[in-house]
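Biologist: Can you walk me through this model? Keep it short, please.
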Amino acid sequence: MHFMIALNHALTGEAIALTVRRPALAVVLAFFSHFIVDAIPHLGNVAFYTPGNPVFPYILAIDGLLTTASVAITCHCARDKARLILVCVFAAILPDILWLWYYAAGRPDFWFFNFHKAVQWYEQPIGGATEVCYAVGASLLIAYIISKRRVKKALPKK
Ligand SMILES: [Zn+2]
């Protein structure tokens, strides 16, 4: 189906926004992170995860809700970086938003989309397990980064 769940792209964008010091660099890295995350084995080649299947819209909706919740929580916990987090998450998801244009335009033969497709070399049902592991791991990493930031802030300034 040519995409990993949006949640994992969003989590990657959040982690980059929290760790990369230069905002412009963070946004660029967030955009390119999309293709690295897409190269991780993910769910595909299964009937319920195909447009037109009655279950498919529910998966998109759940993914959307989890993504929104994740971005909202991270922005809330790192308010000073909220704007950068939002921009990085958008940049990290942007290549998948371009699929909408791709299908609306009648699947144009353009290198960007061919590359975006080719990068997703593994899309099988078992790939869903890696997606869940990635989501849990990335969430834990972000929680750790935020807790570290809090400790740093709580320490008296020298
Ligand atoms: Zn993608």
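Modeller: Start with a term. Helices (H or I, at least four residues) and strands (E, at least two) are DSSP runs, numbered from the N terminus. The expected span of a helix is 1.5 Å times one less than its number of residues. Helix 1 has 14 residues, and its first and last C-alpha atoms are 20 Å apart, close to the 20 Å expected at 1.5 Å a residue.

Biologist: Where do the numbers come from?
Modeller: This is a predicted model: local features need pLDDT of at least 70, side-chain atom pairs count only at pLDDT 80 or more, and totals for chains, interfaces and linings use all residues. Residues are numbered from 1 along each chain as its sequence is written.

Biologist: At what angle do helix 1 and helix 3 pack?
Modeller: About 15 degrees, with their axes 8 Å apart. Axes are lines fitted to C-alpha atoms, for helices over the stretch in contact, and angles run from 0 to 180 degrees between N-to-C directions. Helix 1 and helix 3 are therefore roughly parallel to each other. Angles under 35 degrees count as roughly parallel, over 145 as roughly antiparallel, 65 to 115 as roughly perpendicular and the rest as oblique.

Biologist: Which residues meet there?
Modeller: Two residues are in contact if their C-beta atoms, placed from the backbone, lie within 7 Å. From helix 1, Ala-6, Leu-7, Ala-10, Leu-11 and Glu-14 take part. Their partners in helix 3 include Asp-63, Gly-64 and Leu-66.

Biologist: Now helix 4. What span should it have?
Modeller: Its 23 residues (82–104) should span 33 Å at 1.5 Å a residue; the end C-alpha atoms are 32 Å apart, which agrees.

Biologist: Where is the kink in helix 4?
Modeller: At Leu-94, shortly before the proline Pro-95, with a bend of about 50 degrees. The bend at a residue is the angle between axes fitted to the seven residues ending there and the seven starting there.

Biologist: What do the buried residues of helix 4 pack against?
Modeller: Helix 1 (6–19), helix 2 (23–38), helix 3 (56–77) and helix 5 (111–118). Among those buried residues are Leu-84, Cys-88 and Pro-95.

Biologist: How do helix 2 and helix 4 cross?
Modeller: At roughly 30 degrees, and their axes come within 7 Å. The contact includes Pro-23 and Ala-26 of helix 2, and Leu-84 and Leu-94 of helix 4. Helix 2 and helix 4 are therefore roughly parallel to each other.

Biologist: Is Leu-100 buried or exposed?
Modeller: Leu-100 lies in helix 4. It is exposed, with 9 other C-beta atoms within 10 Å.

Biologist: Which residue just after helix 4 has a positive phi?
Modeller: Gly-106, at about 80 degrees. Arg-107 has a positive phi too, about 50 degrees, although it is not a glycine. Most residues other than glycine have a negative phi. Arg-107 sits in the loop between helix 4 and helix 5, and it is exposed, with 10 other C-beta atoms within 10 Å.

Biologist: And what about Asn-45?
Modeller: Asn-45 is not a glycine, yet its phi is positive, about 55 degrees. It lies in the loop between helix 2 and helix 3. Asn-45 is partly exposed, with 13 other C-beta atoms within 10 Å.

Note on methods: A residue is buried if 20 or more other C-beta atoms lie within 10 Å of its own, exposed if 12 or fewer, and partly exposed in between; C-beta atoms are placed from the backbone.
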